[in-house]
Amino acid sequence: MAIFSVYVVNKAGGLIYQLDHYVPRSDTEKTFSFPLDLVLRPRDERVVVAFGQRDGIRGALRAAAGPGRAGGGRAWPGGAEPGRAEPCRAGPADAALPAVGHAVLAINGAEVSGRCTADGKDVLEFLSNPANYPVSIRFGRHRLSSNEKLMLASMFHSLFAIGSQLSPEVGSSGIEMLETDTFKLHCFQTLTGIKFVVLADPRQAGIDSLLRKIYEIYSDFALKNPFYSLEMPIRCELFDQNLKLALEVAEKAGSFGPGS
Amino acid sequence: MSRQAGRGTESKKMNSELFTLTYGALVTQLCKDYENDEDVNKQLDKMGYNIGVRLIEDFLARSNVGRCHDFRETADVIAKIAFKMYLGITPSITNWSPGGDEFSLILENNPLVDFVELPDNHSTLIYSNLLCGVLRGALEMVQMAVDVKFVQDTLKGDSVTEIRMKFIRRIEDNLPAGEE
């Protein structure tokens with residue numbers, strides 16, 4: 001039972017506060033010897049597993065041209081033949097629907113930043129050099145960068161508005177809940193246009209009252225702080241502290257409280 | 001008489017005299033800083049506005065009222081819930097204009113002026129003008145443009161304090177999604 005994160009979006013759709021309270025860790029760290037039997041490829045600002053899957057390291061469901069043929073030839077280290085065909089997942093024929101594969105998070109214990117290792121070398125180059133093996137690589141689901149969160153928040157703001165416009169009834173509210181199999185997103189919009197968004201475990205109860213409580217905490221510790229300007233990112237310690245307290249209380253209460 | 005917070009989780013009581021005296025100190029300091037009463041009135045209104053835009057969220061968070069559908073509902077909420085919550089008094093609503101867009105709030109006693117006498121050289125000072133700013137700022141954040149002014153003031157010899165509120169228009173830009 002957990003509350004994963006809290007987002008606060010201002011009237012214009014800009015993200016003004018974000019807290020990751022609980023991030024489920026699904027990292028795997030393994031030692032590899034040359035040649036690497038996973039296909040890595042650069043994607044956005046990261047190096048992700050494009051092909052090949054083993055021991056909890058997830059690959060993207062990319063369409064393969066045929067059985068055993070790797071898609072990302074450029075990333076195949078050392079020019080070795082892709083003869084060691086890992087049993088591959090038959091991906092969807094439509095390569096335009098990539099699923100997110102695990103990204104390279106750390107090499108030999110040192111975190112990679114983007115596509116370069118801690119000492120500035122390009123990750124793919126490093127891994128294509130047999131001299132660097134055996135190497136220990138940590139894979140995991142990449143966490144969203146703050147820019148991505150900003151983009152997603154404004155996208156949600158627009159979807160929220162679309163939600164109310166799509167409604168067959170007049171005067172409908174926007175999106176109040178978004179449900180997936182791994183989390184539920186709850187959204188509360190105040191009469192002044194501020195949105196409080198909470199991502200929680202689907203079984204977590206009491207989120208409605210938590211959203212009201214977050215509204216109170218916002219009005220107390222952000223708005224009553226004279227140095228905080230409206231609509232700007234919230235950087236108030238008291239707000240952080242009280243919010244974390246409220247989340248902990250809600251998590252404990254939610255396990256046996258009445259459904260909200 | 002002590003001020004009590006609304007049905008929030010914490011009920012903070014405060015000495016109303018501290019509140020009255022603090023407000024008095026604020027106004028006298030403004031009078032010293034600005035030469036004439038008009039400037040002080042404007043400044044009080046501005047300060048009230050800045051308070052109002054933040055106070056509305058506190059009010060909405062603690063009182064859980066929904067959106068008001070017309071100006072009469074707004075008047076009721078202001079008099080019966082908001083004034084009660086923040087100043088501990090319940091003004092009465094009277095003098096509705098025929099179009100339903102103007103009304104008066106009659107305050108029998110104004111906690112801000114408990115120990116106050118206006119001296120002769122400040123006869124045009126609107127002592128409680130902060131309240132006008134607060135009402136204006138708060139309503140602007142819920143998409144209502146209003147004009148608020150004092151028409152009677154016990155400090156100036158009238159029997160009651162009367163605040164006149166006039167609805168100007170609904171603010172259509174930047175509406176939160178779902179309000180049309």
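**Entry 1: B:Glu102.** I looked up B:Glu102 and found it in strand β4 of chain B, which covers residues 102–107. The model is a predicted one. I then checked the side chain of B:Glu102, which makes a polar contact of 2.9 Å with the side chain of B:Arg164. Leaving out residues up to four places away in sequence, B:Glu102 touches several others, including B:Phe71, B:Trp96 and B:Met165. B:Lys166 is also on that list. B:Lys166 is 64 residues from B:Glu102 along the chain, yet their C-alpha atoms are separated by 4.3 Å.

**Entry 2: helix α4 of chain B.** Is α4(B) largely enclosed or open? Of its 13 residues, 11 are buried, so the helix is largely enclosed by the rest of the structure. Among the buried ones I noted B:Leu130, B:Cys132, B:Val134 and B:Met141. The elements that cover them include the chain B helices α1, α2 and α3 and the strands β5 and β6.

**Entry 3: backbone angles.** After α4(B) comes B:Gln143, in the loop between α4 and β5 of chain B. B:Gln143 is not a glycine, but its phi is positive, about 65°. B:Gln143 is buried, with a relative accessible area of 4%. I also looked up B:Asn64, in the loop between α2 and α3 of chain B; its phi is positive as well, near 55°.

**Entry 4: a cis bond in chain A.** The peptide bond from A:Tyr133 to A:Pro134 is cis, with omega near -5°. I placed A:Pro134 in the loop between α1 and β8 of chain A.

Notes:
Residues are numbered from 1 along each chain as its sequence is written. Chains are lettered from A and ligands numbered from 1 in the order in which they are written. This is a predicted model: local features need pLDDT of at least 70, side-chain atom pairs count only at pLDDT 80 or more; totals for chains, interfaces and linings use all residues. Side-chain values use heavy atoms; hydrogens and water are left out. Helices (H or I, at least four residues) and strands (E, at least two) are DSSP runs, numbered from the N terminus. Contact means heavy atoms within 4.5 Å. A polar contact is a pair of N or O atoms within 3.5 Å; within protein, one must be able to donate a hydrogen and the other to accept it, and residues adjacent in sequence count only if both atoms are side-chain atoms. Buried means under 20% relative accessible area, exposed over 50%, partly exposed in between (1.4 Å probe, protein chains only).
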